[in-house]
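Me: I've got a model open on my screen and would like to talk it through. Can you take a look with me?

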Amino acid sequence: MKITKVETFVLSNKLKESFFFSQWEYNERRICIVKITTDDGQCGWGEGYGPADVIKSGINLVTPLLIGENPLENERLWFNMYRKTLDFARRGILVASISAIDVALWDLKGKILNQPISVLMGGQHRTKVIPYATGLYFSESDNLVAKLVAEAQTYVEQGFKAIKMKVGLSVSKDIILVKSVREAIGNEVKLMIDANHAYSLREATKLSRALEQYNIDWFEEPVSPEYYHHYNQLRSKTTIPIAGGECEYLRYGFQTLLDNDSIDILQVDICGAGGLSEAKRISTLANTRGVEIIPHVWGTGIAFHAALHFIANLEPIPGRLQPSNKYIEYDRTENEIRESLTAPSIKMKNGYIDIPQLPGLGIQIDEKMVRHFSSEILI
Ligand code: MG
């Protein structure tokens, strides 16, 4: 069996309503996905995290390394792609291109061998996970507090057991927003905050200490991902656990994060940091330090399902009779591509999502929707 075709698609969709986080405005979804086909007509799908057009170019760069190769030898193919890009992309976007291909190869391998990816990765330590709602972004609303409170209450009504909100406007504004959301959702629902590295160490320390009273489960990307030592210092100044890693790449980047004792929770993005193959290696590194992993997830059902399989395979550490629950990030902001590209649709039952049991990623891609979002004219 040989790989005969690697196709890339840049999907785009204008949002009905823009939203903001601490760094910039989102007014469009733009996502690169990849389809890898074999000579017997089977195919696998993957997705890259980051600027879609650049990821597409990166995939085109390494495609000659895949044509004619056996898709079951996915780790050897991963290494060949890594060697081709190493001189230019020890960090960053070409790694996302490899990630997209790696996820597609795992999907293909699962379909060829008729097994879910999580089983091929070594087995499922769990059959369901708890999704946490990612939302509560900033907007141009005249009353941001009321808007965020209403949105948070909607998530609680939908059955979410955990919610993550954005911070990073300013320390004083963030305190008002977090206090309001916590009071609106009560103390039973977990609440996390994400600054997308908007703060200096001094500001992050001030904010953390002010928010400790609101029972925050983690403070994500408080400071710049470049300042590993600031993460470490912040951990010693607050009781709120510190999370990070969505801007980190490959095992080598995560090793630096871990060597600096920067984080309590490691948030690898499977579609950015090197794919499922590399995420598994990163999970081994995290394990040597006893650091928990809750992956960063953004994009379509392809990325979401890759994360479901990865989480299913994470060892339940610490081991005990009743292991702790595992969480998955579930973006709830507007994304028509996420809602319509893959089937079956993602369903939450009693606050949980089941790990897929079908071969590969366990999803079908609606190629009509691929064409629909590929052909949309951008303004
Ligand atoms: Mg984040």
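Me: Which residues are the protein donors of the magnesium ion?
Reply: Quick caveats: this is a predicted model, where local features need pLDDT of at least 70, side-chain atom pairs count only at pLDDT 80 or more, and totals for chains, interfaces and linings use all residues. Residues are numbered from 1 along each chain as its sequence is written, and side-chain values use heavy atoms, with hydrogens and water left out. Donors are N, O and S atoms within 2.8 Å of the metal (3.2 Å for Na, K and Ca), and sites may look incomplete as water is not among the atoms. Lying 2.0 to 2.2 Å from the magnesium ion, the protein donors are Asp-194 (OD), Glu-220 (OE) and Glu-246 (OE).

Me: Is Glu-220 buried or exposed?
Reply: Buried means under 20% relative accessible area, exposed over 50%, partly exposed in between (1.4 Å probe, protein chains only). By that cut-off, Glu-246 is buried, and Glu-220 is also buried.

Me: Which side chain of opposite charge is nearest to Asp-102?
Reply: Asp and Glu count as negative, Lys and Arg as positive, while His and the chain ends are not counted. A salt bridge needs a side-chain nitrogen of Lys or Arg within 4 Å of a carboxyl oxygen of Asp or Glu. Asp-102 is buried and has no salt bridge. At 6.4 Å, the nearest side chain of opposite charge is Arg-281.

Me: Where is Asp-102?
Reply: Helices (H or I, at least four residues) and strands (E, at least two) are DSSP runs, numbered from the N terminus. Asp-102 sits within residues 93-113, which form helix H3.
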